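Here is a quick tour for anyone opening this structure for the first time. Have a look around, and then we'll walk through it piece by piece.

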Amino acid sequence: VKKIAVLTSGGDSQGMNAAVRAVVRSGLFHGLEVYAVQRGYAGLINDDIRQMDLRSVGDIIQRGGTILQTARCKEFMTPEGQQLGADNLRKRGIDGLVVIGGDGSYQGANKLSKLGIKTMGLPGTIDNDIPFTDLTIGFDTAVSIVVDAINKLRDTMSSHERSSVVEVMGRHCGDIALYAGLASGAETILVPEVPYDLDEVAQRMAGNFEQGKRHSIVLVAEGVGKGEDIANEITKRNGIEPRVTVLGHIQRGGAPTHNDRILASNLGDFAVRKLIEGDSGKACGIIKGELTVTDIDTVVHSKKEFNLELYELAKRLSQ
Ligand code: ATP
C-alpha cells in the first residue's frame, strides 16, 4: 500500500484519538500518504476525506471522543453504499484503510476488503465485547470511571448504612461490571453471562448488614436489565430500598487512561505495519500481551469468552 485512510465508527470510546494519532504518525513514518475519513462510513459515502500530516493529530492523545467523529450509517449496509465508499477511496489512490470500532464496523471493513481495499480493524469500544483480543480501546478508562463513581457512592452509602444498585454499560458483555466490581469490592455483580437468583441477591444484601458491613453494592451490567427493576425486585424480597445509580454515558467520556493510550498506540502502529505487509480483512488485538491478527470473519462469528475465574474471585473476596 502507498496511501491509507483511517476512520472511527460505531460508538465512540476513549483512546480512539490515540489510535488515530498512531495510525497517522506510523503511516507517515513508513513513507505512506495518510488520509482521514470524517464520521465513519457516512464520510466514506459522502466523500468527506482529507489528507493528514504530522500536526493534524497533535494534542489529541489525551482527549476522549474522536476528532474524526463517528456515525451509524444505514446506507453503508447496502452493496451500493459499499461500492461507493470503495470508489471514493480508490479515486484518490487510497488502497488501505484502518477502521476503529466495534463488530458492526468490522463487518463493514470486511465488505471493503472483498472490494479490493486492504482493511484492518482495531477494537474501539468500552464494552470489551470483541473476541480475539483481551482488551478493547476504551475499556480500561470506562472501568476506572465506574470504580471512581463507586468509591464516591461508598462514602455516602457507608455514612447512612445504605445499599446501592449501580447500573453500568457493556451491552451484552459483563466485563465492565466484572472488572469494576472486583476492583471496587462490590458485594454482588450481575452479568448476562452468569445466571443469578434474585432471592439469593436479596438475602445476601440483608446478610451484609448483619455481618457488620456498612454498605452493600450490587453492580448490574446493562445486559442483565435495568438497575431500577433489579432494585424493585430486591425490595419485594427483603424490604430494603436500595438507591439506584445509572452511570450512563459518562462512562464513555473523559481522558483515556495511560493503559488505553498505550494499547491504542501499539494497535494503531501494528495495523499500519500489517497493511504494509499486505494483510487485509483482519482484526488486530492483544492476547496475553502479544499483538495479534485474526480474520474478521472469524471474529464476528465468535463470542467473547467470559472470565469465570475472575467472577468467582470477586465473589469469594466480597464476603
Ligand atoms: P459499537 O459496538 O460501539 O456500537 P459497532 O461498530 O458495532 O460499534 P454498529 O452500529 O454495529 O457499531 O456499526 C457501525 C457501522 O458499521 C454501521 O452504522 C454500518 O455503517 C457499518 N456496518 C455494520 N454492520 C455492517 C454490515 N454487516 N455490513 C456493512 N456495514 C456494516
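Let's start with an annotation: an unreviewed UniProt entry lists Gly11, Arg72, Cys73, Gly102, Asp103, Gly104 and Ser105 under "binding site". These residues are spread over 95 residues of sequence, yet they cluster in space, with a largest C-alpha distance of 14.0 Å. Keep in mind that what you're looking at is a predicted model.

Two of them are worth a stop. Cys73 sits in the loop between strand S3 (49-52) and helix H3 (79-90). Is Cys73 buried or exposed? It counts as buried, because 22 other C-beta atoms lie within 10 Å and the cut-off for buried is 20 or more. Setting aside neighbours within four places in sequence, Cys73 is in contact with Gly40, Tyr41, Ala42 and Ile45. Asp103, for its part, lies in helix H4. Asp103 is buried too, with 21 C-beta neighbours inside 10 Å, and apart from neighbours within four places in sequence it is in contact with Ile130 and Val300.

## Around the ligand

Now for the ligand. There are 17 residues around it, and Gly10, Gly11, Gly102, Gly104 and Ser105 come nearest. Which helix gives the most to this shell? That would be helix H4 (residues 103-114), which supplies 6 residues.

As for what the shell is made of, you'll find 10 polar residues, 4 nonpolar and 3 charged.

The unreviewed UniProt entry has another "binding site" list: Arg21, Ala22, Val23, Val24, Arg25, Arg154, Gly185, Ala186, Glu187, Lys213, Arg214 and His215. This list covers 195 residues of sequence and is also spread out in space, with up to 51.5 Å between C-alpha atoms.

Ala22 is part of helix H1 (residues 16-29) and is buried, with 26 other C-beta atoms within 10 Å. Beyond its neighbours within four places in sequence, Ala22 is in contact with Ala264, Ser265, Gly268 and Asp269. His215 is in the loop between helix H7 (198-210) and strand S8 (216-221). With 20 other C-beta atoms within 10 Å, His215 counts as buried, because the cut-off is 20 or more. If you skip its neighbours within four places in sequence, the contacts of His215 are Arg154, Met157, Ser158, Glu161, Arg162, Ser163 and Ser164.

In soluble globular proteins, nonpolar side chains tend to be buried together. Here, the largest nonpolar core has 53 residues, and Ile4, Ala5, Ala19, Val98 and Ala271 touch the most other members. Apart from that core lies another, of 35 residues, including Val143, Met169, Tyr179 and Leu182.

What does Ala19 touch, not counting residues up to four places away in sequence? Its partners are Ile100, Leu122, Gly124, Ile137, Ala264, Leu267 and Gly268.

## The chain as a whole

Stepping back, the protein chain has 11 helices and 11 strands. Its C-alpha trace spans about 70 × 35 × 35 Å along the principal axes.

Among contacts with a separation of 6 or more, 75% involve residues 24 or more positions apart.

Methods:
Residues are numbered from 1 along each chain as its sequence is written. This is a predicted model: local features need pLDDT of at least 70, side-chain atom pairs count only at pLDDT 80 or more; totals for chains, interfaces and linings use all residues. A residue is near a molecule or strand if its C-beta atom, placed from the backbone, lies within 6 Å of it. Helices (H or I, at least four residues) and strands (E, at least two) are DSSP runs, numbered from the N terminus. Ala, Val, Leu, Ile, Met, Phe, Trp, Tyr, Cys and Pro count as nonpolar, Asp, Glu, Lys and Arg as charged, and the others, Gly among them, as polar. Two residues are in contact if their C-beta atoms, placed from the backbone, lie within 7 Å. A nonpolar core is a set of buried Ala, Val, Leu, Ile, Met, Phe, Trp, Tyr and Cys residues joined through C-beta atoms within 7 Å. A residue is buried if 20 or more other C-beta atoms lie within 10 Å of its own, exposed if 12 or fewer, and partly exposed in between; C-beta atoms are placed from the backbone. UniProt positions are given in the numbering used here, feature names are shortened, and annotations may be inferred rather than shown by experiment.
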